[in-house]
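Reader: I've got a model open and I'd like to learn how to read it. Can we start with how helices pack, then look at the ligands?

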Amino acid sequence: MKTKKALITVFAVLGSTVWAANGFAAGTKGDPAAGKDKAALCAGCHGDDGNSMVAEFPRLASQYEQYIVKQVLDFQKGHRANNDTMAGMAATIADVQDAKDIGAYFQGQKMAKEPIAPVDKKLVDQGKKIFQEGNPKTGVYGCVNCHGQNGKGKSPDVSVFPVIGGQHKDYIVKQLKDFKEGRRSNDPANMMTDIAKKLSDQEVEAVANYLSSL
Ligand code: HEC
Ligand code: HEC
């Protein structure tokens with residue numbers, strides 16, 4: 001248990017170093033009221049309240065402001081290069097303050113409870129086990145250690161670890177395969193790539209079924 005705690009602390013510190021390096025560790029916070037207006041374009045795909053109804057567009061409701069800002073900047077700089085459509089959308093945000101405001105607006109929204117696609121009960125059970133315990137045989141570390149109980153994250157101060165519980169199943173599958181196969185590589189210290197590479201395609205399906213059911 002002690003080692004695990006130490007590991008998480010290391011990751012958290014590492015996370016904040018990455019933030020500092022990107023230049024948005026401190027500074028002004030986003031204004032959700034201003035963000036609501038600025039999010040009009042985003043709402044077209046991600047939903048007015050951040051609960052998109054299409055699996056390829058991730059839910060942004062309740063996602064951490066700072067995580068949203070990081071992804072927008074990563075798309076702009078080409079660090080996250082796994083989707084041209086979203087890269088084009090990120091390019092329309094001229095000012096970091098706008099990204100913060102939009103992020104603050106979506107962080108303040110409640111994530112919808114119901115998945116948009118039915119889940120497979122057997123896969124949900126298997127996925128829950130992987131989420132909690134990982135897979136000791138293949139060296140997969142339990143997702144809960146970084147993504148928090150039910151995948152709802154740890155806290156907005158530890159925004160390096162995103163909220164993933166309640167996210168669309170197909171979106172999660174795509175991200176895990178993008179990490180695994182090298183199309184997405186914007187994760188600090190290769191944290192997600194290392195894990196995704198150890199997951200079988202079947203385990204990816206299972207954990208995605210579980211996460212989308214939350
Ligand atoms: C035309 C549709 C479309 C619009 C409009 C759009 N996005 Fe996206 N967005 C996407 C898609 C598709 C993805 C998923 C990319 C992938 O497959 O990895 C995405 C992903 C994201 C992510 C990453 C979420 C995560 O969990 O990692 C963020 C943040 C985001 N969009 C923010 C925005 C913001 C802010 C705006 C408004 C300026 C916006 N998007 C407008 C299509 C859109
Ligand atoms: C050692 C910590 C750690 C563990 C363990 C971990 N993750 Fe992650 N995960 C991260 C980090 C950090 C990111 C954010 C990457 C970035 O900044 O773009 C992430 C991002 C993700 C994303 C993309 C979210 C989005 O919308 O952009 C998914 C999906 C995900 N993880 C699923 C999992 C699953 C499933 C497991 C367990 C099999 C897992 N993670 C275990 C650290 C971890």
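Predicted model: local features only at pLDDT ≥ 70, side-chain atom pairs only at ≥ 80, totals over all residues.

Reader: Which residues of H9 and H11 make the contact?

Author: On the H9 side you'll find Lys169, Ile172, Val173, Leu176 and Lys177. H11 brings Val204, Glu205, Ala208, Asn209, Leu211 and Ser212. Sorted by class, that contact has six nonpolar, two polar and three charged residues.

Reader: And how do I put the packing into numbers?

Author: In general, two packed helices are described by the angle between their axes and the distance between the axes. Here, the axes of H9 and H11 (residues 201-212) come within 8 Å and cross at roughly 140°. That angle is why H9 counts as oblique to H11; roughly antiparallel would need an angle over 145 degrees.

Reader: On to the ligands. Which residues come nearest to ligand 2?

Author: Cys143, Cys146, Gln175, Asp187 and Met191, out of 25 residues around ligand 2. The elements giving two or more residues to that shell are H8 (144-147), H9 (169-180) and H10 (191-198). By class, the shell has 19 nonpolar, four polar and two charged residues.

Reader: What about ligand 1: which residues come nearest there?

Author: Ligand 1 has 23 residues around it, and Cys42, Cys45, Asn83, Met86 and Met89 come nearest. Two or more residues come from each of H3 (40-46), H4 (65-77) and H5 (84-90), with H3 giving the largest share, five residues.

Notes
Residues numbered from 1 in each chain as written. Chains lettered and ligands numbered in written order. Near = placed C-beta within 6 Å. Helix = DSSP H or I, 4+ residues; strand = E, 2+ residues; numbered from the N terminus. Nonpolar A, V, L, I, M, F, W, Y, C, P; charged D, E, K, R; others polar. Axes fitted to C-alpha atoms, helices over the stretch in contact; angles between N-to-C directions. Parallel < 35°, antiparallel > 145°, perpendicular 65-115°, else oblique. Contact = placed C-beta atoms within 7 Å.
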